Amino acid sequence: MSWIPPLLVAIPLLSAAVVAGLDHVTPKAIQDGLVVLASTATTVLAVILLWQAESHEVVHWFGGWRLQHGVALGIDFAVGPVAAGMCVVIGIVVTLALVYSLTFMREAARLFDALMLLALGAMCGFAMSGDLFNLFVWLELMAVAAYALTGFQVEQLGPVQGAVNFAITNSIGGYLFAIGIALLYARTGALNLAQIGKTLSHGPAGGLVIVAMTLLLCGFLVKGAVVPFHLWAADAYAVAPAPVCAVLGGVMTDIGLIGVARLYWTVFEAPFGQSHAVGDVLLWLGIVTAVLAGTMAFLQRHLKRMLAYSVVCHIGIMLAGIGLLDSSGLAGAELMFLAHALLTAGLFFVAGILHVDHALIDELHLRGRGRGCRSPAIAWFAGTIGLLGTPYVGIYLGHAGIDEGATELGRPWVLALLWLGSALAGAALLRAGARIFLGWGDAEDPLLGEPMEEEPLERDVFRPLLVCVAVVAVAIGIAVSVVPGLGQRAEYAADRFREGAAYTARVMGVHPMAPAQSLAVTIRHTTLESLLYGGSATVFAVGLALVGLYRRRLPRSVRVATGRTLAPPIYVLRSLHSGVVGDYVTWLVVGTAVLGGVWAALLHG
Amino acid sequence: MSYLPYAVAAWVCVVGLAGIATSRNLIHLAICLMVTQSSSYVLLLSVGYVTHGKAPIFKETKLGTTAVDPVVQALTLTDIVVSVAVIALILALALDAHRLSGTVDPDGVADISG
């Protein structure tokens, strides 16, 4: 029995309690040191755990409640390479965000650090948990920490409203999840994922399990900001402090997807695995999310809202990868998560630097003001290109894995739609970068709507540290596609993650794992299609960014024609994102009902 | 075992959601949120109920006595604790919204969209 999994949760949670308790007692330097130390220690332990998990499933039964006569009664952490890898990424992003906050949030109360550590512990617990109710508790714990962090600057109205929308929609998602747990418990009498999977693998599932699955998966999709449950994301990200955005957008939103994948393969594959219905619905949700959020990103002028939609867009691509239900797709989603987390965090860090430098966060207001800040500019453009999926940069390897999965499944059209999504979001970021750092484009653009009220941000920061953190985040993210051996390991991890029955057997300790074959340490080859799509997505994004910048130079007839066709859908799209929480909840309920209906129709026949 | 508790749970959940969707007051909204969550308590407790079962306190009880499921009660308690944190936070935010904008109507507070 390994002691590392509980430590990954205990260290951040205990340090959070100490930091909160010693507020005003110890000098600030000691507190800062403790916070960064705790988060670094968690990251290092996660790396060790990843190394252990490579050869066997690391299982920890709390309180020594092991199996009793082959029945799982206790609560366990079951860690494979996917869960351990998630913990490593979470640790890195949170540590970078904490270092960034050392000066960025200097004036903030120390509770800020405590909340960040709380979120870190909760996310690690979520990634590792092998118990359904335990998943719910971690989900709620990280959510509460995130609401408080979003609304941290309560002296302004924006953060308060963003936090309210975030808290209400995500709480409802949590309640749906709780109801789903109750139904599944009623059907199986178990809360341990392995035990539930074992029970459901005997006999037909029936309507109750379909309802339970809908509620459980929708709970995660709300957390993961998948269309139509994504409406809260932009409101929350627009107002949260930059380091909080980095954690929210980089890892906390994406973590909903790991929940979807975990539940599907441990629990619902056994009863519903014969048909591809569950996966197909997830695939379509992912595609719609990617294209819609990409479009929304292009229509933003507020940098953090733009980044929020870019996050949602990439979440759609990752969900599509999971929805393919094969190893290449899942491995692609993993690699994309890794690259996307760091690149997104880096871009949010740059946005924070611009906000501090100029007290502005609006693309048009910032036009030309970034001239001369060379390092932030390089970080911004490098991060953008990484998120575009230019061949062998950033998220490319992950995207290529998803491409491969889709091609094998005989759905080559998936590729085009997903690349379109990331090109749209990338075009928005490129356009913003060119306008801010190079001063290109017009100073006014009615397409981008009204400016949001800008809150002045007066901070006494140590700028080189902020720049350094941003550059480090982007540099790691960019390098993901060219790390030798990473692609093969992701695929091996995905293979293991997908074996629901074998997972059950390993957690239940029925048979030990076969020794892992040695994996190649080379840069993974990708197909010609992925290279072509990656290249053309880059060209398309650059072209679209230029159109966005110099729209007025297009011939008048073209402008009028496109304006006439595009104006109504853009208007509809914008008015859907109304900022009113009642609308969001309505969408959430309707979305859940529709998903449940579709699954009932497809699976019950 | 009748279907009544399940019908009650479904009804409470739907009523709460309808209240949230149409609410014009953040305090009212927070209460609707609690109503929605209460449905999961009702559901959990009815799932674990055994007709003529005793409370699951096993001190000085004969082996083999029928008792209701203690697990769902533990889940309900945890659920309540979690919701208290969320509701407290939302009420605190509602106070701040009122202080800053003079209203607790979510539509009136809204200044972000698109």
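These exercises work through a predicted model with chains A and B.

**Exercise 1. Overall build of chain A**

Task: State which secondary structure elements chain A has, and decide why its radius of gyration agrees with a compact globule.

Solution: 
- Start with the elements. Chain A has 23 helices and 2 strands.
- Take the chain length next. For 605 residues, a compact globule would have a radius of gyration near 25 Å.
- Compare. Chain A has 23 Å, which agrees.
- The C-alpha trace of chain A spans about 75 × 60 × 50 Å along its principal axes.
- Turn to burial. Of the 605 residues in chain A, 62% are buried.
- Finish with contacts. Among contacts in chain A with a separation of 6 or more, 84% join residues 24 or more positions apart.

**Exercise 2. A helix pair in chain A**

Task: Describe how helix α9 and helix α13 of chain A cross, and list the residues that meet.

Solution: 
- Locate the helices. In chain A, α9 covers residues 231-239 and α13 covers residues 303-323.
- Read the geometry. Their axes come within 8 Å and cross at roughly 140 degrees.
- Classify the angle. Antiparallel would need an angle over 145 degrees, so α9(A) is oblique to α13(A).
- The crossing of α9(A) and α13(A) is right-handed.
- List the residues. From α9(A) come A:Ala233, A:Ala234, A:Tyr237 and A:Ala238. They meet A:Lys304, A:Arg305, A:Leu307, A:Ala308, A:Tyr309 and A:Val312 in α13(A).
- Sort by class. The contact of α9(A) with α13(A) has 8 nonpolar, no polar and 2 charged residues.

**Exercise 3. One residue, A:Leu115**

Task: Decide whether A:Leu115 is buried or exposed, and name its contacts beyond four places in sequence.

Solution: 
- A:Leu115 lies in helix α4 of chain A, residues 111-128.
- Count neighbours. A:Leu115 has 22 C-beta neighbours inside 10 Å, so it counts as buried. The cut-off for buried is 20 or more.
- Name the contacts. Leaving aside neighbours within four places in sequence, A:Leu115 touches A:Ala145, A:Ala148 and A:Leu149.
- A:Pro12 is 103 residues from A:Leu115 in sequence, yet their C-alpha atoms are 9.9 Å apart.

**Exercise 4. The contact of chains A and B**

Task: Count the residues each chain gives to the contact, and find which element of chain B gives the largest share.

Solution: 
- Count both sides. Chain A gives 40 residues and chain B gives 37 residues.
- The elements giving two or more residues are α1 (4-22), α2 (26-47), α3 (70-101) and α4 (106-109) of chain B.
- Pick the main contributor. The largest share, 13 residues, comes from α3(B).
- Sort by class. The side of chain B that touches chain A has 23 nonpolar, 10 polar and 4 charged residues.

Note on methods
Residues numbered from 1 in each chain as written. Chains lettered and ligands numbered in written order. Predicted model: local features only at pLDDT ≥ 70, side-chain atom pairs only at ≥ 80, totals over all residues. Helix = DSSP H or I, 4+ residues; strand = E, 2+ residues; numbered from the N terminus. Rg over C-alpha atoms; globule rule 2.2 N^0.38 Å. Buried ≥ 20, exposed ≤ 12 C-beta atoms within 10 Å, placed from the backbone. Contact = placed C-beta atoms within 7 Å. Axes fitted to C-alpha atoms, helices over the stretch in contact; angles between N-to-C directions. Parallel < 35°, antiparallel > 145°, perpendicular 65-115°, else oblique. Left-handed = near helix turned anticlockwise from the far one by under 90°. Nonpolar A, V, L, I, M, F, W, Y, C, P; charged D, E, K, R; others polar.
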